[in-house]
Amino acid sequence: MAILDDPDRTAPVPLATGRLGMRLLLASLGMLFAACVSGLLYVRSIAKVWPPEGMPSLPTGLWMSTVILLVSSATVQWAVSAARHDERPGIRHGLLATFVLGVAFLVSQTVNWFVLVAAAFTPKVNLYAFTYYLLTGLHALHVLGGLVPVGVVTARAFRGDYSAARHSGVEYVAMYWHFLDVVWVVLFIVLYLAG
Amino acid sequence: MADKGTAASLVTGNALAGDNYLNHTKGLRSWLFTLDHKRIGVMYLVSILASFLLGGIFALLMRTSLLSPTKHIVSADTYNQMFTLHGAIMIFLFIIPGIPAALGNIVLPLMLGAKDVAFPRLNLASYYCWVAGAIFSLLSIVLGAVDTGWTFYTPYSTTTNTSVVAMTFGALILGFSSIFTGLNFIVTIHKLRPKGMGWFRMPLFVWGLYGTAIIQVLATPVLGITLLLLIVERTLGVGIFDPALGGDPVLYQHFFWFYSHPAVYIMILPAMGVISETVSVFSRKHIFGYKAIAFSSIAIAAISFLVWGHHMFVSGQSNLAGMIFSFLTFLVAIPSAIKVFNWVATMYKGAIRLDTPMLYVMSFLFLFGIGGLTGLFLGSLAVDVHLHDTYFVVAHFHYVMFGGTVIAFLGGLHYWWPKFTGRMYDEAWGRIAAVLVFVGFNATFFSQFVMGSKGMPRRYYNYLPEYQIYHQISTIGSFVMGIGFIIIAVYLIRSLIAGKPAPANPWGGATLEWQTTSPPPHDNFALSPEAGDPYDLEAFRWDAAVGGYVKKSDAAVAVG
C-alpha cells in the first residue's frame, strides 16, 4: 500500500522528542481546563448565592472517583517503572490495572451523575448545575479518550512488545494519565471541597 | 534525461529535470497521503489561496455595494452575511494558517537542514483538520450564512437563526489544525536543529514561527472551549453567557479575545520573520540587532496574552481593568518598534536591490508602521471611546493584518517561490503588481481612517451622504488591489509552465534552504548541512554562469 509509505517519516521518534510533544499537548489541554475553571469562578463570583438555594449537595461518591483515579495514577507509574527495569509482568499488570481503574472511574462518575439527576439536578436548572456537568463531563470525555491508547498499550504489553529499550508508548500514556489525575484533583477541590 | 538533469543541477542547482519532491512519486494519492512537509505546505498554500480568493470576492462585493449611501447591489441581510464571511474566512481559513502552515511548512525543515518536521503524520492530520474545518465553515453558507460578524458575540449569536453552529464548529476544528502545526513546529525547532545551529544561529523566521507556535498551542484551546460553550448554549439553551441564568455575555468577550488577540500575533509574528529574512538578503547586509529581533518575538508572544481587554474598553469592564489593559497595550508596541528599528537599520547603507520581495518589505515597513501607531490611538482609553466601532478600527486592523501579514506573506511567497517551484516568475510584472497592491491598499484603507475619525461607524449598510467620497475612494482602491492580485495570479501560474528554471540560490541568501536544489529533493539534502551564521551574505557571490549565487569557498574549489 502506497499510503503513508515513507519509512523515514513514519519511524518512531526518539523518546525525548515524543515526550516534548506530549508535554506541549498537555499544556494545550491544561489551558482548556484552566479556561473552564476560570469561567466557573467568574460565574460564581458574580452570583449572589453559591450554590443557589435548594440545590442538593454533591454526591459523596466523588470521593470514590478521586480515590480510584489517584490509585490508577500509581498503577500506571508502576507500569512505567517496570518497563524501565524491563520487568515484563509488572508492565502488563500495571497497565491492566490502570485500564480497569479508568473504567471504574467512569462508572463511578456516571453513578454520581445519575444520583444528581434523580434529585432533579439537571444541567438546565441553573449555572451551578450546568458548570458541574460541563466540567465533570469534559474531564470524563478526556478519560474516555485516554482509555483508547491505554487499551492499545495494554494489549501490546500482553503481546510482549515492550522492553526497557522500547516502551515509549507506556511513557506517553502515563504522562497523559497523570495529567488527567491532576486535573481531576483541581476539579474536585473547586467543585466539591470549595463548593 | 536523468543524467542530463543531474549534470544541469550540479551547475545551476535546478532539479526540475531530475528527481525532486514534486516528481518523486506520482499520482493524486501520492499527494493526498504525502508525509513530505513540502507537499503538505504546497497543499496548504493552494487551499489558503482559494480561501483568500473567496474572502476577497466577498470584500469586493461589499465595497461595490458601499459605493452609494443608499442604493445597493445586495440586501441588508446579505451584506451582514458578507462581512461576516469575509472576516471569518480571511481570519480562520487564510491568515492564521497562511504563513506558518503554508510557507512555514515548506521552509522550516529546509532552514533547519532537516529531512522533515518532527511529526510528519501529525502534520498531515493538521492539514486534514483544516480541510474538515473549512468544509463545516463553508457549509454554513448553504445552511444560512452567519450574520453575527466574525467575532460571534453573544447574545446575538445565540439567538440569530443563521447557522452559527456549523460555522463555529468549523472554527473549532480549524483550531485543532492550528494546535497540531504549532506543537509540531516547537518540537521540530527544539529537536531537529542541525550541527552548528545554536538558538542564536537560527534564522529569524524560525524565531518568528517559534513565538507563533507557543501562542497556537496555549491560546487556541481557549477559543475551542469558548466556541463549544457557544454551541452548547445554542443547542441546549443553557450556558454561562446567558444573563437570564446568572451568566454574563461579557464573559464570552473575555474568552473570545483571550484567544483572538494573541491570534493577531499568530498572524504577525511569522510575517515579521519573513521580513527579517528578506530585508537582510535584499540589502546585501547582515541583519542588524539579531538578538533584539529574536527576543522581541518572544516578548511579543508573552505580552500578547495580557492585552485582550483592549477590545472591551466600552463593554463594561472596570475602569481599573481598562487602565491596566491600556498600559499593557502600549507595552506591546515596544518590542514591535524594536523590530522596525532593526529592519530599517539593516537597510541603512545596504546595497538595496528593489526586487519584488524587497518591494513588499518596504511596503510592510510603511504599512505596518501606520497600523502599529494607530493601534496606540486605539489603546488610549479616552480616544478609543470616540473611535470604537468606527471605520478607524477597520482601517487599523487592515493596516496590520493586510499591510503587515498579507504583504509579508506575498513577499515570502515571491522570495521562496523559485525554491519550491523551481521556476522564476516575471520580475517586471512582479514589481508592477507590488506597486499596484500598495497604492490600491492605501487608497482603500487610508480613506477609512479619515471617515472613521469623522464618525463613520463600521458594519453600516446605509450611511450619510457626507461620507460618500471616502467610500468611493476606498472602493476604487479595492478594485486597484483586485487588479494587482489578478496580475500576481496570472504571472505566478504562468511561471509554473514557462518560467525560467531557478538556480539553487537566486537571491544570495545564507540560510540553509538555499543550499539545496530548486526544487529540493524528497529528503531535502543529500548530506546534512552544517549551519553557520544565517546572515553571512558576504560568503556568497553572484555567478553569471550559474545565474545565481554560489558560496565563495565552493567556487574557489571548483576553479582549483
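How many helices and how many strands make up the secondary structure of chain A?

## Fold of chain A

In this predicted model, the secondary structure of chain A consists of six helices and zero strands, and the order along the sequence is accordingly written α-α-α-α-α-α. The C-alpha trace of chain A, taken along its principal axes, spans about 60 × 30 × 30 Å.

Within this chain, A:Glu171 and A:Arg19 are joined by a salt bridge between their side chains, with an N to O distance of 2.8 Å. Because A:Glu171 belongs to helix α6 (residues 168-193) of chain A and A:Arg19 to helix α2 of chain A, the pair ties together parts that are 152 residues apart in sequence. Over all chains, the count of salt bridges comes to 17.

## Contact between chain B and chain A

The size of an interface is often given as the accessible area lost when the parts come together. For chain B and chain A the buried area is about 3,200 Å², and carbon and sulfur atoms give 75% of that area. Chain B brings 39 residues to the contact, while chain A brings 33 residues.

Four salt bridges are counted between chain B and chain A, and one of the salt bridges in the model is formed by B:Lys115 with A:Asp8, whose closest N and O atoms are 2.7 Å apart. Residue pairs in polar contact between chain B and chain A, with both residues at pLDDT 80 or more, number ten. On the side of chain B that touches chain A, the elements giving two or more residues are α5 (120-144), α7 (164-191), α8 (204-236) and α9 (249-282) of chain B; of these, α8(B) gives the most, with nine residues. Sorted by class, that side of chain B has 25 nonpolar, five polar and nine charged residues.

## A nonpolar patch on chain B

A nonpolar patch lies on the surface of chain B, made up of B:Leu54, B:Phe136, B:Leu139, B:Ile141, B:Val142, B:Leu143 and B:Phe169, which together have about 580 Å² of accessible area. Helix α5(B) supplies the largest share of this patch, five residues, whereas B:Phe169 is placed in helix α7 of chain B. Both α5 and α7 of chain B are also among the elements that give two or more residues to the side touching chain A.

## Backbone details

Most residues other than glycine have a negative phi, and most peptide bonds are trans. Against that background, which residues are joined by a cis peptide bond with omega of about -5°? They are A:Trp50 and A:Pro51, and A:Pro51 is found in the loop between α2 (15-46) and α3 (61-84) of chain A. In chain B, a cis peptide bond joins B:Ser518 and B:Pro519, with omega of about -15°, and B:Pro519 is situated in the loop between α16 (468-498) and β1 (540-543) of chain B.

A positive phi, near 65°, occurs at A:Asp86, a residue other than glycine. The position of A:Asp86 is in the loop between α3 and α4 (88-118) of chain A.

Definitions and conventions. Residues are numbered from 1 along each chain as its sequence is written. Chains are lettered from A and ligands numbered from 1 in the order in which they are written. This is a predicted model: local features need pLDDT of at least 70, side-chain atom pairs count only at pLDDT 80 or more; totals for chains, interfaces and linings use all residues. Side-chain values use heavy atoms; hydrogens and water are left out. Contact means heavy atoms within 4.5 Å. Buried area is the accessible area (1.4 Å probe) that two parts lose on being put together, summed over both. A polar contact is a pair of N or O atoms within 3.5 Å; within protein, one must be able to donate a hydrogen and the other to accept it, and residues adjacent in sequence count only if both atoms are side-chain atoms. Helices (H or I, at least four residues) and strands (E, at least two) are DSSP runs, numbered from the N terminus. Ala, Val, Leu, Ile, Met, Phe, Trp, Tyr, Cys and Pro count as nonpolar, Asp, Glu, Lys and Arg as charged, and the others, Gly among them, as polar. Patches are made of residues with over 30% relative accessible area and no salt bridge: like charges are joined within 9 Å, nonpolar side chains (Val, Leu, Ile, Met, Phe, Trp, Tyr) within 5 Å. Accessible areas come from the Shrake-Rupley method with a 1.4 Å probe; for residues, only the protein chains shown count as cover.
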